[in-house]
Amino acid sequence: MTNALAVTGLHKSFGRTHALDGLDLTVATGEVHGFLGPNGAGKSTAIRVLLGLLRADSGTVRLLGGDPWADAVALHRRLAYVPGDVTLWRNLSGGEVIDLYGRLRGTGPDPARRAELIERFELDPTKKGRTYSKGNRQKVALVAAFASDAELLVLDEPTSGLDPLMEEVFRDCVREARDRGRTVLLSSHILGEVETLCDRVSIVRKGRTVESGSLAELRHLTRTSVSAELAGTPGGLDRLPGVHGLRAEGPKVRLQVDTDKLEPVLAALLAAGVRSLTSTPPTLEELFLRHYADTEVAS
Amino acid sequence: MTALAGTGTLTRLALRRDRLAIPLWALVTGGLVASGPGSLGGLYDTAAARAELAASMTANSSMRSLYGPVFSDSLGGLVAWRFGTFGAVLAAVASLIVVVRHTREEEETGRQEMLSAGAVGRRAPLTAALLAALAVNAAAALLVLAGLAGQGLAGALALALAIGGTGMVFATVTALAAQLTESARLVRGIAAGVLGLAFVLRAAGDSGDASGDSVLTWLSPVGWAENVRAFAGERWWVLLLIAAAVLAQTLLAYALTARRDVGASFLATRPGPAAGRLTGAGALAWRLQRGSLLGWGLGFLLGGLVFGGMVEGAADLVGDNAKAREIFERMGGQEALTDAFLATMVSLFGMLAALYAVGAVLRAHAEETSGRAEPLLAASLGRLRWAAGHLVPAFAGSAAILALSGLGLALSYGHDAGAVLGASLAQLPAVWTLASVAVLLWGAVPRAAGAAWGAAGLCLALGWIGPALDLPRAVLDLSPYAHLPRLPGGDVARTPLLLLTALAAALTAAGLTALRRRDAQL
């Protein structure tokens with residue numbers, strides 16, 4: 001499988017601020033890739049470098065097999081971009097803007113697809129730019145992007161203004177894009193969205209990639225929550241490696257365990273006789289929080 | 001060429017966005033010049049009358065500083081003299097506005113980011129903006145050509161190209177300025193500063209030298225337009241100079257734009273303080289307005305110093321033939337000429353100050369429509385107090401810049417400091433009247449607030465070229481400047497000053513009342 005996107009050791013500074021400090025990012029063709037990080041981590045800067053809007057200070061960037069700075073025009077015909085903050089021209093209608101973005105990608109949008117998406121996103125394309133709300137401005141950009149049938153969709157927090165119903169429409173559109181073999185880079189703060197949509201995620205912090213892999217792989221590195229009701233008292237649970245936050249109240253036990261150390265813990269619980277057991281894999285949110293908390297301590 | 005990919009689409013976007021503004025600018029610029037033969041021809045219908053006008057105007061240095069020397073007393077020559085500089089400056093202003101709107105403003109708002117994510121070459125946005133400016137200038141030039149062709153095709157063509165060419169020189173100056181800084185407002189300021197400097201250089205050059213070939217005039221692109229000498233033995237090679245400047249500036253802007261990040265600039269933005277000391281709406285408004293006020297103040301002071309230095313030479317006899325001497329004596333001799341020169345300069349500053357004042361008032365309108373005022377008005381801040389924060393810099397600031405221009409004039413002239421300063425401040429009631437028109441429009445018809453620029457522009461046009469057209473008194477009197485006493489040298493008529501001040505106060509009060517009653521424009 002080829003990579004739609006391969007970034008290694010990307011650096012970008014603005015004056016004394018190091019926005020990107022050795023970022024790595026690999027996105028395989030045909031996958032939906034989550035791009036996570038706290039505010040100011042460098043996600044948008046990285047995306048702008050990928051789009052050839054900013055010039056990298058150092059590092060290698062390959063986008064759809066080309067150089068995003070040198071081959072910007074040719075590459076942009078094959079991708080669609082939705083920024084987190086969509087600004088429109090006050091006196092242009094939404095429909096005009098959709099067609100403009102389509103033409104700027106080379107070919108205009110397919111009329112049937114455009115009409116279908118406008119319908120699904122419940123967008124009124126005749127309204128002028130100044131009268132759209134934030135969510136509706138975002139819909140204009142989303143319709144333009146999904147109508148384009150581009151090979152790569154670069155979405156920078158695309159749902160920050162959408163209502164839950166529209167968010168669902170957005171998720172369907174992303175799934176359809178993947179089913180047609182498109183690649184999606186999705187930067188987001190909405191972890192539930194990333195969790196349901198993305199095949200793999202990369203987490204950036206302070207301009208560096210701190211974690212990258214499939215959700216299953218990432219979960220493997222983190223803790224599973226276990227709560228059990230036991231027949232007897234298990235001995236030495238707190239001495240097992242990888243066990244954290246052990247709380248025992250009579251027959252009830254709650255603990256968290258590093259996911260790769262789960263087996264000995266289960267064995268110990270079984271030995272004590274299990275009446276009920278729930279084991280919850282970490283949510284992305286826990287993963288995210290824990291990761292940052294850890295790095296915070298480390299730095 | 002991939003660097004230009006998408007230029008066609010972006011140009012269509014620019015023309016679509018400006019489908020009203022572009023024809024309007026072309027019509028005003030070209031139409032005004034094209035109307036010249038009709039208006040001037042009626043006034044000076046004999047060769048003798050035209051020769052008389054040409055001789056007296058060339059003899060008068062304050063007239064030369066405004067319009068340049070008269071190079072030919074044919075009707076075409078008089079039109080080129082009276083309207084050429086004005087048309088060139090109008091074309092420059094139109095080009096400046098159009099280019100900023102489609103370059104730095106697009107980047108500042110973030111719209112360029114999504115455009116540039118399309119198949120858009122790195123030179124395409126700048127090229128589209130320059131093509132939009134070219135549309136304005138070409139349309140204006142065609143109007144000039146059509147209106148003046150009857151006076152001689154060569155002269156009409158030369159004047160049309162000189163005016164359109166000056167527009168393109170400033171379009172490319174603006175394109176360069178747009179590479180330098182991240183703020184569209186600052187780009188406009190820089191480009192307008194260059195235009196102001198070019199005008200002052202030409203005015204200074206022509207004021208001291210009736211041949212039009214002073215070094216100062218040749219340093220100024222506005223002076224080049226004049227030195228194309230339309231209808232007076234055209235110097236076609238000057239058009240090559242203009243074309244070379246346009247080409248060089250375009251290439252430099254291209255080189256800069258290809259080397260920088262989208263949204264970034266060559267002058268870095270410095271970090272601001274971590275803690276805020278702004279104490280309220282007034283402090284915020286002052287913070288937003290002080291940069292512009294500082295720029296205008298500096299420009300007025302420098303302008304005053306330059307023109308003040310020209311006063312002594314203004315009354316020098318031009319030429320030593322009997323005819324010139326006769327005209328000189330008829331105009332009142334040395335003292336009257338000195339006063340006339342000072343009065344002309346003072347009224348020029350007065351008219352320009354209205355542009356500052358209108359801009360400062362409309363800054364509040366921009367704050368409102370951009371949504372930045374929304375959280376302020378949602379806080380414990382009344383509309384009037386919020387508005388006052390912007391109106392104080394507008395009204396007091398225009399007094400300050402006029403005082404600075406008077407100070408500059410007085411310092412380098414070296415006589416009658418009190419009279420010169422007083423004459424400068426006597427322009428204030430007219431400036432305030434135009435500012436109060438802006439307040440009224442903003443308060444009562446916010447969607448038409450931009451028409452305040454039209455009002456200020458109309459008064460500038462009436463004051464600059466109106467008298468020569470012999471327009472009916474009723475039309476000239478529309479401008480508040482027509483009611484000001486001509487100072488220094490004239491009688492200090494207090495009544496019109498007081499009446500204008502009262503009118504300004506009434507219009508401002510009406511505007512603020514309307515502002516309090518209407519919906520906020522969010």
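These legends describe close-up views of a predicted model.

**Conventions.** Residues are numbered from 1 along each chain as its sequence is written, and chains are lettered from A and ligands numbered from 1 in the order in which they are written. In this predicted model, local features need pLDDT of at least 70, side-chain atom pairs count only at pLDDT 80 or more, and totals for chains, interfaces and linings use all residues, while side-chain values use heavy atoms, with hydrogens and water left out.

Figure 1. The model scores ipTM 0.77 and pTM 0.85. Chain B has an average pLDDT of 90, and 96% of its residues score at least 70. Here pLDDT is the predictor's confidence in each residue, from 0 to 100. Where pLDDT is low, the predicted coordinates should not be read in detail. Chain A holds 10 helices and 13 strands. Helices (H or I, at least four residues) and strands (E, at least two) are DSSP runs, numbered from the N terminus. Along the principal axes, the C-alpha atoms of chain A fill a box of roughly 70 × 45 × 35 Å. Chain A has 299 residues, of which 49% count as buried. Buried means under 20% relative accessible area, exposed over 50%, and partly exposed in between (1.4 Å probe, protein chains only). Contacts are heavy atoms within 4.5 Å. Among chain A contacts between residues at least 6 apart in sequence, 68% join residues at least 24 apart.

**Figure 2. The three-stranded sheet of chain A.** The strand order is β2-β1-β4 in chain A; the sheet is open and its pairing antiparallel. Two strands pair if DSSP finds at least two bridges between them. Strands β2 (17-28) and β4 (58-63) of chain A form the edges, each pairing on one side only. From one strand to the next, the twist averages 15 degrees. Strand β1 (residues 3-14) of chain A runs antiparallel to β2(A), joined by nine bridges. H11(A) has D21(A) as its bridge partner in β2(A). Helix α1 (residues 43-50) of chain A lies across β1, β2 and β4 of chain A, at about 65 degrees to β2(A). For such angles, axes are lines fitted to C-alpha atoms, for helices over the stretch in contact, and values run from 0 to 180 degrees between N-to-C directions.

**Figure 3. The six-stranded sheet of chain A.** This open sheet has the order β5-β6-β7-β3-β8-β9 in chain A, with mixed pairing. Its edge strands are β5 (79-82) and β9 (208-214) of chain A; each pairs on one side only. Neighbouring strands are turned by 15 degrees against each other on average, direction ignored. Strand β3 (residues 32-36) and strand β7 (residues 183-187), both of chain A, pair in the parallel sense over four bridges. G34(A) is bridged to L186(A) in β7(A). Helix α5 (residues 134-147) of chain A lies across β5 and β6 (152-156) of chain A, at about 170 degrees to β5(A).

Figure 4. How many residues of β6(A) are buried? Five of the five are, so β6(A) is largely enclosed by the rest of the structure. L152(A), V154(A) and D156(A) point one way, L153(A) and L155(A) the other, and all are buried. β5(A) pairs with β6(A) in the parallel sense over four bridges. L79(A) has L152(A) as its bridge partner in β6(A). Five bridges join β6(A) to β7(A), and these strands run parallel. V154(A) is bridged to L185(A) in β7(A).

**Figure 5. Aromatic pairs in chain B.** The whole structure holds 10 aromatic pairs over all chains. Rings of Phe, Tyr and Trp (its six-membered ring) pair if their centres lie within 6.5 Å; planes under 30 degrees apart count as stacked, over 60 as edge-to-face and the rest as tilted. W218(B) and W237(B) are stacked because their ring centres are 5.7 Å apart and their planes at 15 degrees. W218(B) sits in helix α12 (residues 215-219) of chain B and W237(B) in helix α14 (residues 237-259) of chain B, 19 residues apart. W218(B) is partly exposed, at 23% relative accessible area. F300(B) and F349(B) form a tilted pair, with ring centres 5.1 Å apart and planes at 50 degrees. F300(B) lies in helix α15 (residues 281-314) of chain B and F349(B) in helix α17 (residues 333-369) of chain B, so the pair ties together parts 49 residues apart in sequence. F300(B) is buried at 4% relative accessibility; F349(B) is buried at 6%.

**Figure 6. Arginines over aromatic rings.** A charge sits over a ring if NZ of Lys or CZ of Arg is within 6 Å of the ring centre and within 35 degrees of the ring normal. R122(B) lies over the face of W69(A), at 3.6 Å from the ring centre. R123(B) lies over the face of Y254(B), at 4.6 Å from the ring centre.
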